[in-house]
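Here is a short report on how one protein chain is put together. Please have the sequence and the model at hand.

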Amino acid sequence: MWLSDLSIKRPVFIVMLMIALVVVGIMAYRQMPVDLMPDTSTPLITIRTTYPGAGPEVVEKEITKPIEAAVSPLGGVNSVSSTSSSGVSVIRVEYKLEYPVDKAVNEVRERVSTAQRLLPQDAGAPVVIRFDPTTSPILTFSLADKEGLMNPVQLRRFVDNDIKPRIERVDGVAAVNVNGGQEREISVGVSLTRLLALGLSPQQLISAIRAENADIPGGTFIDNG
């Protein structure tokens, strides 16, 4: 009953207290952050490794298995799943919900860095990606040439060179990713009979092509003028 007695004895104090509470509530409501995708930490980490020219079985044996063996014993891991396809290995490490995500990422990177020494030399460096729902695209649209004035390669080049830079310059845009279409490539036909006659393997041919297309600096130029 002390609140009712205080309200009767000190009505001005009670009124001022209620006004202060209302003002604080209004200020807190206006400053309350509102986000379409709240910042949540999902304990899911993806490890992606490329191995050009290797089949699914080779990728699983040479890439997926060593990395899985390295990350599986980590504490707090709930499950480990993987997908091995031609030239690409994707491993998903799911931690328990209460496990700190930053700690999990650091642990996975340390183990992957150690396991990288066991991978083939031609394999790409494993990329550790932390799943974040806030990085999902908020706008997706497609583009087609109904008039038939451009082929798929020209259409993709038009999107990359003209449309993508303009969207990237819009305020508030963090990143623009382009998928689909066709990109220019050079296909090399290999004669197995000729390779056997020369005593070469397909991997040696790939290494030779890669070496011939490497960008190597030719030297240093000093301008004294």
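This is a predicted model: local features need pLDDT of at least 70, side-chain atom pairs count only at pLDDT 80 or more; totals for chains, interfaces and linings use all residues.

In soluble globular proteins, nonpolar side chains tend to be buried together.

Val108 touches Ile45, Ile47, Val71, Leu74, Tyr95 and Val128, leaving aside residues up to four places away in sequence.

## Helix α4

Helix α4 has 15 residues. From first C-alpha to last it reaches 21 Å, close to the 21 Å expected at 1.5 Å a residue. Its buried residues are Val101, Ala104, Val105, Glu107, Val108, Val112 and Ala115. These residues lie on the same side of α4, because they cover an arc of only 165 degrees around the axis. An α-helix has 3.6 residues a turn, so residues three or four places apart point the same way.

What do the buried residues of α4 pack against? Their partners are β1, α3, β3 and β4 (127–130). The face turned away from the buried side carries the exposed residues Asp102 and Glu110.

## The sheet

Four strands form an open sheet in the order β2-β3-β1-β4, with antiparallel pairing. Strands β2 and β4 stand at the edges with a single partner strand each, so one side of each has no neighbour in the sheet. On average, neighbouring strands are turned by 20 degrees against each other, direction ignored.

Strands β2 (residues 77–85) and β3 (residues 88–95) run antiparallel and are joined by 8 bridges. Val77 stands opposite Tyr95 in β3. The hairpin of β2 and β3 has 2 residues between the strands, and Gly87 takes a positive phi near 80 degrees there.

## Helices on the sheet

Strands β1 and β4 also run antiparallel, joined by 4 bridges. Ile47 stands opposite Val128 in β4. Helix α3 packs on the sheet and touches β1, β2 and β3. The direction of α3 makes about 165 degrees with that of β2. Helix α4 packs on the sheet too, touching β1, β3 and β4. Its direction makes about 170 degrees with that of β4.

## Phe158

Phe158 lies in helix α5 (residues 152–168). Is Phe158 buried, partly exposed or exposed? Its relative accessibility is 31%, so Phe158 counts as partly exposed. Leaving aside residues up to four places away in sequence, Phe158 touches Leu143, Met150 and Ile163.

Definitions and conventions
Residues are numbered from 1 along each chain as its sequence is written. Side-chain values use heavy atoms; hydrogens and water are left out. Two strands pair if DSSP finds at least two bridges between them. Buried means under 20% relative accessible area, exposed over 50%, partly exposed in between (1.4 Å probe, protein chains only). Contact means heavy atoms within 4.5 Å. The expected span of a helix is 1.5 Å times one less than its number of residues. The arc is that of the directions from the helix axis to the C-beta atoms. Axes are lines fitted to C-alpha atoms, for helices over the stretch in contact, and angles run from 0 to 180 degrees between N-to-C directions.
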